[in-house]
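Colleague: Before I plan anything around this model, could we go through it together, one question at a time?

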Amino acid sequence: MAAAPAQRLRFLAGVALGAALGAGLVRGFVADASGQAADATEERKAVVALQAVTSLVQRAGGEGEAVRKGVAAWQARTPSVSQVRVFVADGMRLEGSTAPDDTGERAAPRRLRREEKPLYDRAQRIAAAVRTNREEQQARKPEIEAAPVGGGRLSLAGPLEKQSAPAGLVEVETALQPAPARPGWSRFLLAFFAPLAIFGVLALLLGEKRVPLLIAGVVCVAASLLWMGRTALSEIARQQERGAQAVAERVREQAAITQAISASEAIQAPAPDPGSWDVDAFRQPRGLLSSDGSVNAQRLADEVSATGRELRRTLLAAGALSLALLLTAGLGGLSALGATVKRHRQAYLYIAPAILGMLVLVFFPFAYGVTLSFTDSNLYNTSKSIPEIWIGLGNYADILGDFAFIKKGEGGTFINYLNFYWTLLFTILWTVSNVAIGVTSGLILALILNTKALALRPIYRVLLILPWAMPNYITALIWKGMFHQQFGVINQVLQALGFSAVSWFDRPATSFLTALVTNGWLSFPFMMVVSLGALQSIPADLYEAARVDGASRWQQFKAITLPSLRPALVPAVIISVVWTFNMFNIIYLVTGGEPGSSTEILVTQAYKFAFERYRYGYAAAYSTVIFGILLVYGMVQNRVSRATEA
Amino acid sequence: MDILRRILAIAVAALVATPAAAATTEIVVWHAYRAEEKAALEKVSAAYNAKHPATRVTTLAVPYDAFADKISAAVPRGKGPDIFIYAQDRLGGWIEAGNTVEPVDFFLDPETKGRFIPTTMEAMTYKGTVYGLPLNYKEITLIYNKKLVANPPKDSDELVAMAKKNTDKAAGRFGLAYAYSDYYYHAALQNAFGGHVFETGAKPAINNPANVKALEYLLKWLDKDQILPAEPSTALITALFNDGKAAMIFNGPWFLGEIAKDIDYGLAPLPRIKEAGDKPMRPWMTVEGVFIAAPSKSKDASYDFIKFLTDKDAGIIMALEGRQSSANKSVYADAKVAADPVLKAFRDQVEVAIPMPNLPEMTMVWSPATTVMNSVTRHAASPKAALDTAQAQISKDVAGLRKK
């Protein structure tokens with residue numbers, strides 16, 4: 001191993017790397033959170049303004065000169081808003097506008113112009129959202145839309161309602177406060193150099209001792225990150241409080257303005273509760289303000305601690321990551337890695353193209369699938385980003401946590417065929433029975449074909465391999481046709497023999513039988529070829545010796561044939577278990593899961609969740625579970641086959 | 001050397017000449033048409049290009065299998081066409097996913113709106129907003145073998161009487177054959193009884209009493225009247241009709257190409273059902289619409305083209321040469337179109353046809369509905385019980401989709 005001073009140097013490098021990574025991550029996350037808090041405050045303030053002017057418009061009757069006057073007066077007193085537009089769907093009218101362009105010939109009221117299509121579409125979208133949320137009695141579609149329009153401005157739009165039905169749109173454009181400057185580098189530098197310096201001093205004192213050096217390094221980095229995180233957390237809490245105060249102030253200001261305008265414009269309708277102006281995108285009050293427009297301390301504290309918890313979790317992860325880096329570097333992991341790469345440079349170069357291909361074609365889709373399994377991705381939200389639809393282990397809990405595959409209903413007990421454990425049970429039954437049929441029939445046919453005296457052996461062999469040579473979906477469709485209730489050859493033979501026709505796909509048992517027969521037909525040739533090859537490699541003198549010893553045919557089979565077949569058959573069985581477990585074509589084409597998804601195996605079920613029920617996240621979780629099962633099987637199988645090799 | 005120089009000179013000249021042409025607006029149309037439909041669409045776009053030198057419309061045929069997925073993947077990322085042609089069944093899903101289909105409600109003047117068959121316009125409307133212009137529609141109607149049926153039946157009594165006369169199960173002959181265990185085909189009967197899949201607000205209601213009655217009525221045809229074959233696959237229906245063993249079938253325009261040359265067939269509207277208060281069978285129709293892609297850079301020009309494509313003159317070309325049933329009412333006033341028995345038959349049928357729901361929730365319905373149809377027609381469950389199971393399944397799936 002390395003010379004004496006290396007220990008200290010290595011740990012010093014580890015502390016430097018760990019502290020740099022940790023401080024960098026913490027700084028990034030905190031800047032992000034603080035930016036988000038600032039944006040949220042700005043948006044809430046803008047929403048309050050929008051709600052205030054909407055209430056004014058609504059109280060002025062929603063249309064006519066009163067609306068235009070009210071809006072103009074409101075605009076004059078609200079400098080933070082650069083323009084207001086009021087749109088009424090009936091007749092596609094721009095009912096009022098304070099936009100600088102909308103004067104003279106373009107002054108409201110007028111019909112929308114062709115280039116104002118986005119305003120109309122926005123109104124339609126919001127109206128549909130309001131109606132959808134009412135019909136479904138939940139908050140799913142945003143009723144207030146906010147979009148940046150460039151130049152540091154935000155455009156907000158909310159519905160204008162007439163007799164509580166959406167009848168138009170109120171849109172405001174507000175200038176945002178410039179985003180707070182990103183935190184300076186001073187804290188980052190302190191959090192980087194302080195632990196480095198302290199560790200340097202400690203290292204000099206401690207000398208070349210591995211464990212104390214390690215402890216000292218971890219403590220130094222952890223303490224500096226802890227300090228950095230704590231200060232940032234309390235700063236963000238203060239920022240949130242300031243934000244709440246700012247929103248409250250905006251509410252009071254707007255309350256005063258609307259009151260003054262309704263007095264001067266003689267608007268009779270009762271004034272609304274200003275506390276309810278602070279709403280989320282679904283127009284549901286956030287409850288952070290009480291009805292007189294002051295901050296509700298209790299609710300604010302709840303919200304602050306909720307945000308804090310979330311940020312703390314992220315910061316802890318960042319800290320763990322940087323400590324891991326420290327340990328890897330300090331304990332010599334990094335230098336070892338560097339050395340290997342250097343030593344086997346050529347080997348790594350050779351496999352680089354293959355690794356690249358696998359990254360793109362295997363690892364990326366796999367990682368994407370696994371990531372998707374933690375989301376609620378479905379037909380409705382394909383355009384949303386992954387963090388927005390993240391639900392953690394929800395899908396896995398749904399799949400694995402539902403043990404109720406036997407349900408009691410009105411008509412007695414019945415099996416819930418969509419339950420994961422039923423499908424798993426069925427898949428195992430399907431795999432075991434298929435492999436058993438494949439091996440037995442393949443072995444018997446191989447033994448027959450191995451008879452030396454058999455005439456026309458090559459012809460039989462070719463005929464028996466044919467089912468394997470045909471594309472399996474064609475075979476599957478042919479068999480499905482043969483099981484047709486009225487015109488299928490199997491029922492016609494049954495009827496010719498005096499039995500009544502069977503509706504094969506009506507009951508789970510008969511439906512299973514059709515798939516079993518089809519797959520049996522497809523799987524015996526493989527087993528037959530494998531066994532035949534192994535049979536022909538058994539030396540004939542073994543049998544001769546056995547005969548001389550007076551062994552019967554059965555004894556010969558048990559003592560010579562079977563053990564000699566084992567090295568060939570065990571891998572064949574292992575591989576056909578995996579094939580059958582995932583035999584999509586046969587199930588999908590022959591039974592199609594009929595009746596009522598009872599004959600579905602795991603992969604076809606996953607397919608149906610994805611492409612018939614359009615629950616991509618759920619289907620991804622399903623597939624990940626299937627992968628897990630096969631992984632466990634693969635590991636067990638590896639151990640077993642190593643045992644057979646030995 | 002000399003030749004090379006000349007080629008270079010030509011190339012330079014071409015380069016210099018292009019800026020004049022660069023002012024044209026390029027519009028790309030994706031469709032899944034082949035053969036005569038493709039040729040008709042190309043003819044219409046060529047006519048448009050000739051008339052509008054400032055715009056250049058190019059059409060691109062995309063294989064049908066991958067078409068919808070391609071739209072879902074390419075369009076929201078701004079890699080797709082300006083215009084695409086597709087049936088209304090995916091419309092709701094694309095709108096909910098966002099940034100795929102541009103609403104055209106704003107462009108639509110009452111005159112343009114008025115030129116379409118109202119139900120086809122309804123198919124293009126999602127939650128109160130129009131998202132495309134209807135191009136054509138497809139629905140099932142009654143197709144009969146003229147050798148076996150002289151006059152097509154007007155109502156269910158006549159239908160059953162004629163069908164019974166033409167049924168001989170031992171010989172494999174049936175008076176009536178259609179894919180009744182396919183929910184799409186069954187919908188015609190269901191709608192006659194006033195059935196539906198969704199109530200307002202896309203609330204699943206597949207187990208409503210009318211749907212139960214419709215299934216019970218289907219069982220009457222199947223068990224009491226014994227006029228239908230068992231397990232009716234589309235291949236079976238084709239074989240029966242082409243062998244002259246099915247007197248009447250319910251099928252759509254896609255089937256006409258598969259009819260054998262020696263079969264003399266006629267088309268007529270689906271019969272009225274006496275047991276449903278003498279109401280007509282009302283098939284589901286799919287309406288192909290022309291949609292503008294939301295990220296398109298030339299929406300105004302695109303709208304101008306889709307207006308042209310769904311206008312009378314284009315509609316006549318699409319009808320006579322592309323064999324499409326135009327959604328434009330005035331197309332049927334054309335003498336040649338009016339004289340076409342096939343186009344006329346589908347035009348008559350569309351009067352009572354109902355657009356298939358364009359809600360994304362509809363995708364949750366097909367699989368449970370297929371189970372209902374299979375278990376009921378094979379007598380594995382009663383109509384009510386099967387529909388109740390399906391209702392529970394659909395409600396669960398829809399709720400799973402909608403939860404935040």
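Predicted model: local features only at pLDDT ≥ 70, side-chain atom pairs only at ≥ 80, totals over all residues.

Colleague: What is the phi of B:Arg323, and is the residue buried or exposed, or something in between?

Modeller: Most residues other than glycine have a negative phi. B:Arg323 is not a glycine, and yet its phi is positive, at about 55°.

Colleague: Where is B:Lys127, and what is its relative accessible area?

Modeller: B:Lys127 sits in the loop between strand 4 (125–126) and strand 5 (129–130) of chain B. Phi of B:Lys127 is near 50°, which is a positive value in a residue other than glycine. B:Lys127 is partly exposed, and its relative accessible area is 25%.

Colleague: How many residues of strand 11 of chain B are buried, and which residue stands opposite B:Phe250?

Modeller: Strand 11 of chain B, residues 246–251, is mostly covered, with six of its six residues buried. Strand 7 (residues 141–145) of chain B pairs with strand 11 of chain B in the antiparallel sense over four bridges. In strand 11 of chain B, B:Phe250 has opposite it B:Leu142.

Colleague: In which sense do strand 8 and strand 11 of chain B run, parallel or antiparallel, and which residue stands opposite B:Ala177?

Modeller: Strand 8 (residues 174–177) of chain B is joined to strand 11 of chain B by three bridges, and the two run parallel. The residue of strand 11 of chain B that stands opposite B:Ala177 is B:Ile249.

Colleague: What is the area buried between chain B and chain A?

Modeller: The size of an interface is often given as the accessible area lost when the parts come together. Here 33 residues of chain B are in contact with 39 residues of chain A. Carbon and sulfur atoms give 50% of the area buried between the two chains, and that area is about 3,700 Å².

Colleague: How many salt bridges are counted between chain B and chain A, and which element of chain B gives the most residues to the side that touches chain A?

Modeller: The count between chain B and chain A is three salt bridges, including one in which the side chains of B:Glu96 and A:Lys141 meet at 2.4 Å, N to O. Among the elements that give two or more residues to that side of chain B are helix 4 (91–97) and helix 12 (299–309). The element that gives the most, with five residues, is helix 17 of chain B.

Conventions. Residues numbered from 1 in each chain as written. Chains lettered and ligands numbered in written order. Heavy atoms only, no water. Contact = heavy atoms within 4.5 Å. Buried area = accessible area lost by both parts, 1.4 Å probe. Salt bridge = Lys/Arg side-chain N within 4 Å of Asp/Glu carboxyl O. Buried < 20%, exposed > 50% of the residue type's maximum accessible area, 1.4 Å probe, protein only. Pairing = 2+ DSSP bridges.
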